[in-house]
Amino acid sequence: AKILWIWGIGAGIFAAYQVFCLFRFRRRIRRTCLLVENEELLRVFDECLQAAGFPGGTEGRNLMQTGKIRLLSSDLVRTPMITGFFRICLILPEIEMSETEAKMIFAHELVHFKRKDLWRKAVVSLARSLHWFNPAIHLLAAGLDYFCELSCDAQVVREMNRREREAYGMMLLNLLDRARGRTGISRIALTDQKKGLKKRLSHMLHYEKGSKAAAVIAGTLVAVILSAGMLTGCAFF
């Protein structure tokens, strides 16, 4: 009974802390976010929506700004990120970016949106709460984020030639460089340490069409984390 109480209190505290961080992030973002009104960026985003299989034109513009996806900017974020579960927001840092960079950023974030990666992270967070005392689960969760980014990269570059892939890699490096000189919130995936980013670039340059290694690894990690979390819950109940 004591072990059950200790486990339950630990799980509750861990879950409460994650929820607190999420709401604190949302509150900070809401204070600083503005709808993107740059017509060039909106045009590029509209093209990327169509390329990703979403409606374009006026219908796409409505989807962007009043429907399921809103395109926002904030001086609080250092790298692009997609947030929200029911009302999705794609938040851009307030930095200058070329049309090519914008296309690559949008393509990457829309892959996250289509694959419902935010829901995957929520489920993994639940598993981490259930298995809060096991450091291996937290390491696996971090690895999952990394391999999901690899999978997104592979999806973006699958139709690119080597020169275009190198340009995509340079975009990631430029974002990393810009993030160093700014304060605020960043997504670890795009501001990874040099070693991790070099691995991502290597995977992109040597990616072969039809290869699903990153997706398989990510799926395996999800299964392991969820299984561990459920086994923990069953062990106590």
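**Cores, surface patches and salt bridges of a predicted model**

At 7% relative accessibility, Trp7 counts as buried (buried meaning under 20% relative accessible area, exposed over 50% and partly exposed in between, with a 1.4 Å probe and protein chains only). Trp7 lies in helix α1, and its C-alpha atom is separated by 8.7 Å from that of His131, 124 residues apart along the chain. The model is predicted, and local features need pLDDT of at least 70, side-chain atom pairs count only at pLDDT 80 or more, and totals for chains, interfaces and linings use all residues. Residues are numbered from 1 along each chain as its sequence is written, and side-chain values use heavy atoms, with hydrogens and water left out.

The protein chain has nine helices and four strands; these are DSSP runs (helices H or I, at least four residues; strands E, at least two), numbered from the N terminus. Along the sequence, the pattern is α-β-α-α-β-β-β-α-α-α-α-α-α. Of the 237 residues in the protein chain, 41% are buried. In the loop between α4 and α5 (117-130) lies Lys116, which has a positive phi of about 55 degrees although it is not a glycine.

The largest nonpolar core contains 34 residues (a nonpolar core being a set of buried Ala, Val, Leu, Ile, Met, Phe, Trp, Tyr and Cys residues joined through side-chain atoms within 4.5 Å). Phe45, Leu71, Phe106, Leu110 and Tyr168 have the most contacts inside this core. At least two of its residues are supplied by each of α2 (39-51), β2 (69-74), β4 (88-93), α4 (99-114), α6 (135-157), α7 (162-180) and α8 (194-205). Helix α4 contributes the largest share, seven residues. A second, separate core has nine residues, among them Phe25, Cys33, Met81 and Cys89.

Two surface patches were examined. Patches are made of residues with over 30% relative accessible area and no salt bridge, like charges being joined within 9 Å and nonpolar side chains (Val, Leu, Ile, Met, Phe, Trp, Tyr) within 5 Å. Accessible areas come from the Shrake-Rupley method with a 1.4 Å probe, and for residues only the protein chains shown count as cover. Val19, Leu22, Phe23, Phe85, Phe86 and Trp119 make a nonpolar surface patch of about 610 Å². Helix α1 gives the most to this patch, with three residues. Phe85 is placed in the loop between β3 (81-83) and β4, and counts as partly exposed because its relative accessibility is 32%.

The other patch, of positive charge, gathers Arg24, Arg27, Arg28 and Arg31 on the surface. Lys and Arg count as positive and Asp and Glu as negative, while His and the chain ends are not counted; the place of a charge is taken as NZ of Lys, CZ of Arg, CG of Asp or CD of Glu. Arg31 belongs to helix α1 (residues 2-32) and is exposed, its relative accessible area being 62%.

The structure holds eight salt bridges (a side-chain nitrogen of Lys or Arg within 4 Å of a carboxyl oxygen of Asp or Glu). One of them joins the side chains of Arg43 and Glu47, at 2.6 Å from N to O. Both residues lie in helix α2, four residues apart, about one turn of the helix. Arg43 counts as partly exposed at 31% relative accessibility, and Glu47 counts as partly exposed at 34%.

Asp145 and Arg120 also form a salt bridge, with the closest N and O atoms 3.1 Å apart. This pair links distant parts of the chain, with Asp145 in helix α6 and Arg120 in helix α5, 25 residues apart. Arg120 is buried, with a relative accessible area of 14%, whereas Asp145 counts as partly exposed at 33% relative accessibility.

In helix α7, Arg162 and Glu166 are four residues apart, about one turn of the helix, and their side chains meet in a salt bridge of 3.5 Å, N to O. Arg162 counts as partly exposed at 47% relative accessibility, as does Glu166 at 38%.
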